Amino acid sequence: IGVGATFTMDVDPQTCPSGRVPSGRSCSEFFLNRVEGSSNFFGGGAIHVSGSATLRQTGIWGNSGYGAVASVGGSLVLEGCGIEGNDRIGINDSSRFLVGGSLTVAFSTIVERTEISDVFRVFNGATIHLLSSIVQADQTFSWSVGFTSTIDCVITREQSSFPAGGTLLATVTDPTLLFTTWPGNYWDFRLKRDSIAADYCDTFFYIPTDDDTDNQVRGWDDPTVAGGFGAYDLGAD
C-alpha cells in the first residue's frame, strides 16, 4: 500500500453473514504469504504499508519472512482481527510487525510462538496503540527509544517486555482459561463463556466501528459476568 494510497479490507455481512466460511475460517484472510529480505521496511509478509490501510474482521495466519505480518511505515489499523501462527519456520522467525509509522491494534486476538523473536518491533519515532486485545506470546515487544505507545485493556501471557504506562493489563499464562478450543487452529479463538476476557473493558481509547469476527454486535453486557471494567469483550470474538 504505497504512499498516498488508502486500502480497506473487511467482511461483507450480505455475502458472509456469519463472518466465516463453512470450514470455520474467516471470509476475509491474509494467509501463507512470504516475503524475502532483511531491511527494516522491506518486510511485511502479509502487508507492507507506506500509505494508509485498515483491516477489519480479517484472519492473518501462516505468513512468514521478515515482518511476517506487516511492515508499517505509514498507518495501519487492525480491528477485530485474528492473528496466529505466523513465521513458524524457526530459523527465519522474526518480528511479526515492524512498526516505523503508526499501528493500532484493537479488539484483536494474537497467538504466536516467539521463542526467537517478538510480536511488535517498534522503531524510533513510531506510534503504537494496543487496545482491548488478547496477546498470547512469550515476548510481545522489542523497541528502540523515542516511540509513543498507548496500551489499555490487554490480556497477555507476559508483561515484562511491555513499555511502561499500560493500563488495565492482566496476565493469563494458560490459554485454556480464555478460549473455547485449545490447542487452537489457524482461525478459531472464540472466547469461553466464563473467560476473563468477557465484559472486560470500556471503549475509552477506541470505539469499535464493526462487529466481531462472527458478525456479532460488540458491547453486549452479560449479566452473569461479574466485575470487569465495562461491557466489551477483549479480542476478535
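Predicted model: local features only at pLDDT ≥ 70, side-chain atom pairs only at ≥ 80, totals over all residues.

Visitor: Which residues does Asp 210 touch?
Guide: Leaving aside residues up to four places away in sequence, Asp 210 touches Asp 10, Arg 56, Gln 57, Glu 79 and Arg 218. Contact here means heavy atoms within 4.5 Å.

Visitor: And where is Asp 210 found?
Guide: Asp 210 is in the segment after S18. Strands (E, at least two residues) and helices (H or I, at least four) are DSSP runs, numbered from the N terminus.

Visitor: OK, how many salt bridges does a search of the whole structure find?
Guide: The search finds seven. One of them joins the side chains of Asp 214 and Arg 20, at 2.5 Å from N to O. That pair links distant parts of the chain, 194 residues apart: Asp 214 is in the segment after strand S18 (167–171), and Arg 20 is in the loop between strand S1 (6–9) and strand S2 (29–31).

Visitor: Are those two buried or exposed?
Guide: Asp 214 is buried, at 12% relative accessible area, and Arg 20 is buried at 9%. Arg 20 and Asp 214 are also linked with Arg 190 in a network of salt bridges.

Visitor: Which residue does Arg 193 form a salt bridge with?
Guide: Asp 222, with the closest N and O atoms 3.5 Å apart. Both partners lie in the segment after S18, 29 residues apart. Arg 193 counts as exposed at 61% relative accessibility, whereas Asp 222 counts as buried at 7%.

Visitor: What about Glu 112 and Arg 96?
Guide: Their side chains meet in a salt bridge at 3.1 Å, N to O, and both residues are buried.

Visitor: Switching topic: how much space lies in the largest pocket?
Guide: About 370 Å³. Of the 16 lining residues, Leu 191, Gln 216, Trp 220, Asp 233 and Asp 237 are the closest to the centre of the pocket.

Visitor: How do you define a pocket?
Guide: On a 1 Å grid over the protein atoms alone, a pocket is an open set of points with protein on both sides within 12 Å along at least five of seven lines, a cavity is a set where a 1.4 Å probe fits but cannot get out, and lining residues have an atom within 4 Å of a point. Grid points are joined across faces, edges and corners, and a volume is the space filled by probe spheres set on the points.

Visitor: And how many cavities of 30 Å³ or more are there?
Guide: There are two. The second largest cavity holds about 30 Å³ of space, and its lining includes Leu 131, Asp 152 and Tyr 206. Strand S15 (127–136) and strand S17 (148–156) each supply at least two residues of that lining.

How values were computed:
Residues numbered from 1 in each chain as written. Heavy atoms only, no water. Salt bridge = Lys/Arg side-chain N within 4 Å of Asp/Glu carboxyl O. Buried < 20%, exposed > 50% of the residue type's maximum accessible area, 1.4 Å probe, protein only.
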